[in-house]
Amino acid sequence: MEHAGIAAAVDRWFAENQERVIGWRRHIHSHPELSNEEVETTEFLAETLQSYGLSPVLFPGTGLYVDLGPAEGKRLAFRADIDALRVPEQTGLSFASANPGVSHSCGHDVHTTVALGLACALSTVDLRHPVRVIFQPAEEVMGGGALDVIKWGALDNVAAIYAVHAEPHIKVGEIGVRTGAITSASDVIRIEVQGPGGHTSRPQLTADVVYAMGALITQLPALLSRRVDPRTGTVLVFGHAEAGDAANAIPKRGVLEGTVRTADIATWREIEDLLTDLIDLVVAPTGCTYHLDYIRGVPPVLNDDAATALAVQAARAVDPHSVVAAPQSSGGEDFSWYLEHIPGAMMRLGVWSGEGEHHDLHQGNLNVDERAIGVGVRLFGSIVEKYFHPGED
């Protein structure tokens, strides 16, 4: 029977094709491409899927999806992000990035290979339920490529969606799970402070732009912490401040840039108005004026309760000891946009070998344990089985 064999068939397929799958990962890793430039990656994925008799559907830009099983019925979807970062690789691997200054230092090569392995494995199964595997471009850009993928119809007739994200602080073989917010909303703010300019010997005759910027840098994060519930994990951090070019001149303008992060969706929807009110309060006494650019990023990834419970069940079916609690991350992830439309869950895929130091994501020295790929493929195979046949073993 199908339900007694999906996970086992995926497991057997991976055991027989492990070397090939690892080769796919190394090819993808050594040919990283930036967001919306994943042309060669898309071609490689399409050719590989076609070699297994599948018919991938290309997106208008880059990326694609592929359907398996019957054409009718509500689909279960899996998503992988295929883009890389503008970060020079420092691993020294024999299959390190051949694209100078660009690398898969966020683990997207692992995500992509896991999803590709699942699709190819399922192509060998008499699948009686519809599954869709999405290979999404441009996760690393502001707002995320998921919005385009949704616009292009990739969620049409999809009932639920799952994904994994490489986690170098979790040991290989372990799956980190969390109900509710597993990532944070991530927005960017840019505040331009303006004044008439003047001389530092006569600050009383002008409006001091630098003083106003200093007030914003110190007071705005503190005021925000008193106006928002601390349990929401809301934080404002400035990363760029620029004003003036002379020690004795008060400039006419200055710029502050930073990020706003929160794990609470309600706070995310209201925070722009709140920040505007607080900036008014801080800047008004200085006599300066300002202009705020609030650049929306992504909402937090809010894992659905039932979808997360199913992922836990599926992970334990692969390895009873695999499930660990995943901490809530302050990073952003555009998988959240899918979960604004349908239920689903993102899990943390342990990629630390268990030896040596932990390397952080978005760092050029990130070096994953490739055994994690098999863990991810088997997890996805188990999710397919548990999703279509709940409560059956």
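Strands E3 and E5 run parallel and are joined by 4 bridges. Strands here are DSSP runs of at least two residues (E), helices are runs of at least four (H or I), and both are numbered from the N terminus. In this pairing, Ala77 has Ile161 of E5 as its bridge partner. E3 is also parallel to E4, through 6 bridges. There, Ala80 is partnered by Phe135 of E4.

This is a predicted model: local features need pLDDT of at least 70, side-chain atom pairs count only at pLDDT 80 or more, and totals for chains, interfaces and linings use all residues. Residues are numbered from 1 along each chain as its sequence is written, and side-chain values use heavy atoms, with hydrogens and water left out.

Stay with E3. Buried means under 20% relative accessible area, exposed over 50%, and partly exposed in between (1.4 Å probe, protein chains only). In a regular strand, side chains alternate between the two faces of the sheet. Arg75, Ala77, Arg79 and Asp81 point one way from E3, while Leu76, Phe78 and Ala80 point the other way.

Now widen the view. The open sheet has 8 strands in the order E1-E2-E4-E3-E5-E16-E6-E15, with mixed pairing. Two strands pair if DSSP finds at least two bridges between them. Strands E1 (57-58) and E15 (323-325) stand at the edges with a single partner strand each, so one side of each lacks a neighbour in the sheet. E5 (residues 158-171) runs parallel to E16, with 8 bridges between them. One of the bridge pairs joins Val164 to Met347 in E16.

Next come the annotated residues. UniProt, in an unreviewed entry, places the feature "binding site" at Cys106, His108, Glu140, His165 and His362. UniProt positions follow the numbering used here, feature names are shortened, and annotations may be inferred rather than shown by experiment. These residues spread over 257 residues of sequence, yet they cluster in space, with a largest C-alpha distance of 13.1 Å.

Two of them sit in loops. Glu140 lies between strand E4 (131-136) and helix H4 (146-151). Glu140 is partly exposed, at 22% relative accessible area. His362 lies between strand E16 (344-352) and helix H9 (371-388). His362 is partly exposed too, at 36%. Contact means heavy atoms within 4.5 Å. Not counting residues up to four places away in sequence, Glu140 touches residues including Cys106, His108 and His362.
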